[in-house]
Amino acid sequence: MAEMRGTQGRSSLSGWAVLAAVVGMLGAAGLVLAVLWGWSAMPGLGAKDAAGTRLEAVKIAASVAVAGGGLFALYLAARRQRTQELELAHRQEELAHSTHDATERRVTELYSKAVEQLGSDKAVVRQGGLYALERVAQDNPAHRQTVINVICAYLRAPFTPPPDLPATHRTGMPRSLRGTPPARVATAATAARRAHLTPSRPVITAEDLRQEREVRLTAQRILAAHLRSNQDHDDQPVDPRYWPEGYDLDLAAATLIDFDMTGCRVDTASFTGATFVGGTNFDDATFTGIVRFDGTTFTGHVGFHRAKLTGTVGFDGATFTGTTRFDDAKFTGTIWFEDVIFTSIAGFSDAEFTGTTRFDRATFTGITGLERATFTGLTRFDDVICNGIIVFDNTRFTGETWLSDSMFKSATGAADVWVRVDPPDKYRRTTQQSWPTGWTVDWSTSETRKGWDGKWARLVPVPAVFPPLQTELPDRSGSVSDLFIKRSSRRVRQRRAGRAAERT
């Protein structure tokens, strides 16, 4: 109704404008005619000249009127064109709104149906729901984070196969007594009572667990496929399935199987309390935000080769039971490895730590390699326990470094640990070093190394110092031997007194 009233107002205004324009043009023509007509009545003009002047005045006035009419016609045409353009834009806007609404309704329907499929008890239907969600996200970038959240929520659902119970727990009696007739009768009665009292539960078979495993692997592959750029030589993504906007992952407490995020790019991620079963690969992955692996358990091989983590990263309380490689990884933010446990090989070769690095109370029970690792920020290895072999080979510590109360059972290549003795200005006032017992910096080895900034010195074992041997016997007054001599003299005197008494 408002649009109709606006249209009517514009039409009425256009009618008044036309009337005003016509009156104006006629007035202008009449004014021109009056002026020229007055010139024709000037004295000195003959009748013939006056008649010609009047005729020209009429022609000029008519020309003015025609020109004004033409200009007004052009104005009307332009106004009509503008009105049509506005109406067309309005129609297109309405069409766009209706199309958007229809698209949103369709996406909502597809999304709802896909989420409903994820709750099915059939594995093939759940897989279909995952692929339907993938299609929704691929065609609608605005819904990609929502789809990722749904897939992560599915992976966070508990997935722990029930343990096999012993036979005595199932039947209530030992195996040796189950073959007798009374035992069979008792077992049947017990089973009947349980069936009557216990509500029926769906039986999860080994085949069901295997199918659920495949569904979870499908969910993991969908996430990795769209977060992996597969860049070419110019660092440009070549995979059309790549979602370049940058998304978050919430897989806290999830059970992840053979998790492979090689080359993926993620903003923030939470794996707190997650369990990684089998091999885990984050090689060449990039994390630009906060990443949490606190309390995470890795039961197989773990790879962070060439990974780039630019935000705060936490591995507090994590457990690595297989070979773990952080070779060539780059940590530019704060990194926490407090209370972490490595029970196998742990490699940090050529890793770069440019922010604060904390390994407090970490435990290394296997071979630990820190070859050519670089620590340029605050570094703390307080209360570290290394029961295996730790390899230092050209390891560099530039910033404030603490290794207080750390215990290294065996260190290989420790003579190649280098400490910068002239830190940059931003560390000069705060730089301190605290090394494990038995180790110190050899300042006599201070030198400038090729390709390294500043001067460096080696970390070496403290030479053993033994106390000098005593060449003189100490004063033995009041010793045990003196007490023995005193007791012997007393006994001799007592014997002599006894013999004298016998004689008398």
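This is a predicted model: local features need pLDDT of at least 70, side-chain atom pairs count only at pLDDT 80 or more; totals for chains, interfaces and linings use all residues.
1. Of the chain's 504 residues, 34% count as buried.

2. On confidence, the chain's average pLDDT is 76, with 62% of the residues scoring at least 70. Two stretches deserve a flag. Residues 161–173 stay under 50, and the model gives them 14 contacts beyond four places in sequence. Residues 426–431 are also below 50; for this stretch there are 8 contacts beyond near neighbours in sequence.

3. For the overall fold, the secondary structure count is 9 helices and 30 strands. If you take contacts between residues at least 6 apart in sequence, 31% of them link residues at least 24 apart.

4. Now a helix pair to look at in the viewer. Helix α4 covers residues 144–156 and helix α7 covers residues 206–227; they pack at an angle of about 150°, and their axes are 10 Å apart. The crossing of α4 and α7 is left-handed. On the α4 side, the contact is made by Ile148, Ile151, Cys152, Tyr154 and Leu155. On the α7 side, the residues are Glu212, Val215, Arg216, Ala219, Gln220, Ile222 and Leu223. Sorted by class, this contact of α4 with α7 has 9 nonpolar, 1 polar and 2 charged residues.

5. Staying on α7, have a look at threonine 218, which is found in that helix. Is threonine 218 buried or exposed? Its relative accessible area is 3%, which is under the 20% cut-off, so threonine 218 counts as buried. What does threonine 218 touch, leaving aside neighbours within four places in sequence? Its contacts are Gln127, Leu130 and Tyr131.

6. Last one: glycine 377. This residue lies in the loop between β23 (374–375) and β24 (379–380). Despite the loop setting, glycine 377 has a relative accessible area of 2% and is therefore buried, since the cut-off is under 20%.

Note on methods: Residues are numbered from 1 along each chain as its sequence is written. Side-chain values use heavy atoms; hydrogens and water are left out. Axes are lines fitted to C-alpha atoms, for helices over the stretch in contact, and angles run from 0 to 180 degrees between N-to-C directions. Helices (H or I, at least four residues) and strands (E, at least two) are DSSP runs, numbered from the N terminus. A crossing is left-handed if the near helix is turned anticlockwise from the far one by less than a right angle, and right-handed if clockwise. Contact means heavy atoms within 4.5 Å. Ala, Val, Leu, Ile, Met, Phe, Trp, Tyr, Cys and Pro count as nonpolar, Asp, Glu, Lys and Arg as charged, and the others, Gly among them, as polar. pLDDT is the predictor's confidence in each residue, from 0 to 100. Buried means under 20% relative accessible area, exposed over 50%, partly exposed in between (1.4 Å probe, protein chains only).
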